[in-house]
Amino acid sequence: MCGIVAYIGPKDATAFLLEGLARLEYRGYDSAGVAVTGKSGGLKVCKAKGRVADLAAAVPARFKGTTGIGHTRWATHGEPSDANAHPHTDNAGNIAVVHNGIIENAEELRARLTADGAVFHSETDTEVLAHLVAAHTGEDTELEEAVRAALKHVVGTYGIAVVDARRPDRIVVARNGSPIVLGLGEKEMFAASDVSALVRYTRQVVHLEDGELAVVRADGFRTFTEDARTVTRQPSTVDWEVGAFDTGGYEHYLLKEIHEQPAAVERTLSGRLDERFATAHLGGLNLDARELREIRRVKILGCGSAYYAGEMGAQLIEELARIPAHSEPASEFRYRNPVIEADTLYVAVSQSGETYDTLAAVQEIKRKGGRVLGVVNTVGSAIARECDGGIYLHAGPEISVASTKAFTSTVIAFALLALHFGRIHDLSPADGRRIVGALKALPGHIRQILEQQDAIAKLAAEYADNAGMMFIGRVRGYPVAREGAQKLKEISYVHAEAYPASELKHGPLALISPELPTVALVPDDELLDKNLTTLGEIKARSGRVLAIAHREPDAKLADHCIVVPKSEPELDPLLLNIPLQLLAYHAAVALGRDVDKPRNLAKSVTVE
Ligand code: AGP
């Protein structure tokens, strides 16, 4: 979604701002802008609809300053246009503001400010902030005081950065529901909505909490609360490599991330397998064995692919630990006044750790006294900080909008949790060893699937031609079908529908025809015969079948087959999903889609 960058120091701010905005492109946006100021005074603003490259081309040669803010906008109020792009300024052209989030009382504030003489140039909610800060600025008012006073009138969510041409020695940032991270440099400071914009310059970061502001100067920063109480925030170190933010020679981030999965899985597993006791070590849970034994139910919450990974997680927990487990979209859970039980363990899943619906679900559970663990990729993110404990994925940064390596690492994290739970309950040491062995073998198995890329690319080009596709799976295979359909529609825009294989004859069989091919998950497990019967039903209606299986079914039952290596039945779903990622990727490429930045989507949905 929208992105913020800011710089203050001895160097030219514009270069950093443009480079930082380019780093945030993956989040999705439709326009961009920068504002700079400096000792020589005056505020320069440049904005452009379109890509950061369009903005860079529009920035005049003499556009220089040592203090600056920049923004990539994803339209919420008003169409994508130069005028609606951020930064927005006050009437006098001194104050510039960039903003992520939504100001809910913008209309009311706009009316009040207009009555007081403010002239608006955009349809955005953000512009009210510029006029509001100006209304609270006086000769002797510090910028941070004006921002703090202005925000008292604001209802909604925001991450903001503000500059004032009359005070070029500082930038003021504030956070309420939308992330802001400070980056600490040598005699220079940075700020951004996402660490990926900062890692090229510094690894020392400070995450602001909701309700906090910071005044940032070239030589340091001060954080304080909405009621002006100073708070001390210790920096943390980002352990992501700079190279992790490049395509590394691959055509797209998505392809790179699909191929990074063996290494990502190794990192998720690293130091967490206990071969002696055939269990998993998960130090971050902050729950001892006795507390874990008291848990009677597990409820998993996430959005989109995180929710589907949670469905696979629920299956693993039920199978290995025999504890009832269920995954639900966090975006639904938060609106239905959920019953929070003392003996239920809640698990929030989020790659970014910033998804607003998931964060709101966590806050609702905590407000009602529930215990929440986070399964999160981004260290120090809002959800990670809000949870009582959890498991970090260590999958490395995921740039492409479609989640692949984080999805796989999330399922691995759940396998570890299920193993740990299981060994506390009734999972035998022999079964524990069986799972430990299978987990260790997974990176090799994933590599074997990735080696089939060329064959899968050919199939993808063939199947991409259809207006739609059906994905079916039974029990363990159903979440795989859902994630496979999600991946295909997300990046190729081909309509895809996922159904439990068992439900086909209860309705969707009516859709089956040569024009609607089916991707069928056909693992070699106790349900193989049932799945083969379903394939027969599809073929009897002249449906085309692409099977993802452990061995090729009879040619009468499937037109094509992608064979994947066999793991243990509980872990098979994870491997069955990998060819579906490649299928979606190559279908999108064949159709000429913007693979890493699909239309209408953002990497993390930080608004309601
Ligand atoms: C995945 O391919 C999607 N882009 C989307 O469903 C995503 O998984 C969802 O928005 C949740 O994101 P999160 O993991 O960062 O919370």
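Visitor: How many bridges join E9 to strand E10, and do they run parallel or antiparallel?
Guide: Four bridges join them, and the two strands run antiparallel. Keep in mind that this is a predicted model.

Visitor: Which residue in E10 is the bridge partner of Val181?
Guide: That is Ala192.

Visitor: What do E9 and E10 form?
Guide: They form a hairpin, with four residues between the strands. Lys187 sits in the turn and has a positive phi of about 55°.

Visitor: Which way do the residues of strand E9 point?
Guide: Val181 and Gly183 point one way, and Leu182 and Leu184 point the other way. All four are buried. In a regular strand, side chains alternate between the two faces of the sheet.

Visitor: How many bridges join E9 to strand E11?
Guide: Three bridges, and that pair runs antiparallel. Here Val181 stands opposite His207 in E11.

Visitor: Is Glu188 buried or exposed?
Guide: Buried. Its relative accessible area is 9%, and buried means under 20%.

Visitor: What is Glu188 in contact with?
Guide: Leave aside neighbours within four places in sequence. Then Glu188 is in contact with Tyr7, Ile8, Gly9, Pro10, Lys11 and Ala218.

Visitor: And how far apart are Glu188 and Ala418 in space?
Guide: They are 46 Å apart, C-alpha to C-alpha. In sequence, 230 residues separate Glu188 and Ala418.

Visitor: New topic. What is the order of strands in the open sheet of seven?
Guide: The order is E5-E6-E7-E8-E12-E13-E14, and the pairing is antiparallel. Strand E5 (88–89) and strand E14 (230–231) are the edge strands, each pairing on one side only.

Visitor: How many bridges join strand E8 to strand E12?
Guide: Five. E8 covers residues 171–176 and E12 covers residues 212–217, and they run antiparallel. In that pair, Ala174 stands opposite Leu213 in E12.

Visitor: What does helix H4 touch on the sheet?
Guide: Helix H4 (residues 127–135) touches E5, strand E6 (95–100) and strand E7 (158–164). Its direction makes about 140° with that of E6.

Visitor: And which strands does helix H5 lie across?
Guide: Helix H5 (residues 143–151) lies across E7, E8, E12 and E13. It runs at about 145° to E7.

Visitor: You mentioned E13. Where is Thr225 found?
Guide: Thr225 is in strand E13, which spans residues 220–225.

Visitor: Why does Thr225 count as buried?
Guide: Its relative accessibility is 9%. The cut-off for buried is under 20%.

Visitor: What does Thr225 touch?
Guide: Not counting residues up to four places away in sequence, Thr225 touches Arg148, Gly211, Leu213 and Val231. There is also a polar contact of 2.4 Å between the side chains of Thr225 and Asp227.

Visitor: Now the sheet of five strands. What is its order?
Guide: The order is E19-E18-E20-E21-E22. It is an open sheet with parallel pairing. Strands E19 (325–329) and E22 (389–392) stand at the edges with a single partner each, so one side of each has no neighbour in the sheet. The twist averages 20° from one strand to the next.

Visitor: How many bridges join strand E18 to E19?
Guide: Five bridges join them, and they run parallel. Val298 stands opposite Ala325 in E19.

Visitor: Which strands do helix H9 and helix H13 lie across?
Guide: Helix H9 (residues 305–321) lies across E18, E19 and strand E20 (344–350), at about 170° to E19. Helix H13 (residues 405–424) lies across E18, E20, strand E21 (371–376) and E22, at about 160° to E20.

Visitor: Last topic, the ligand. Which residues come nearest?
Guide: Of the 14 residues around the ligand, Ser350, Gln351, Ser352, Thr355 and Glu490 come nearest.

Visitor: How far is an oxygen atom of the ligand from the side chain of Lys487?
Guide: It is 2.9 Å from an N or O atom in the Lys487 side chain. A backbone N or O atom of Ser403 lies 2.8 Å from a ligand oxygen atom. For Ser305, again a backbone N or O atom, the distance to a ligand oxygen atom is 3.1 Å.

Visitor: How much of the ligand does the protein bury?
Guide: The protein buries 91% of the 410 Å² that the ligand exposes when taken alone.

Methods:
Residues numbered from 1 in each chain as written. Predicted model: local features only at pLDDT ≥ 70, side-chain atom pairs only at ≥ 80, totals over all residues. Heavy atoms only, no water. Pairing = 2+ DSSP bridges. Axes fitted to C-alpha atoms, helices over the stretch in contact; angles between N-to-C directions. Contact = heavy atoms within 4.5 Å. Near = heavy atom within 4 Å. Polar contact = N/O pair within 3.5 Å; in protein donor to acceptor, adjacent residues only side chain to side chain. Areas by Shrake-Rupley, 256 points an atom, 1.4 Å probe, with all protein chains shown as cover. Buried < 20%, exposed > 50% of the residue type's maximum accessible area, 1.4 Å probe, protein only.
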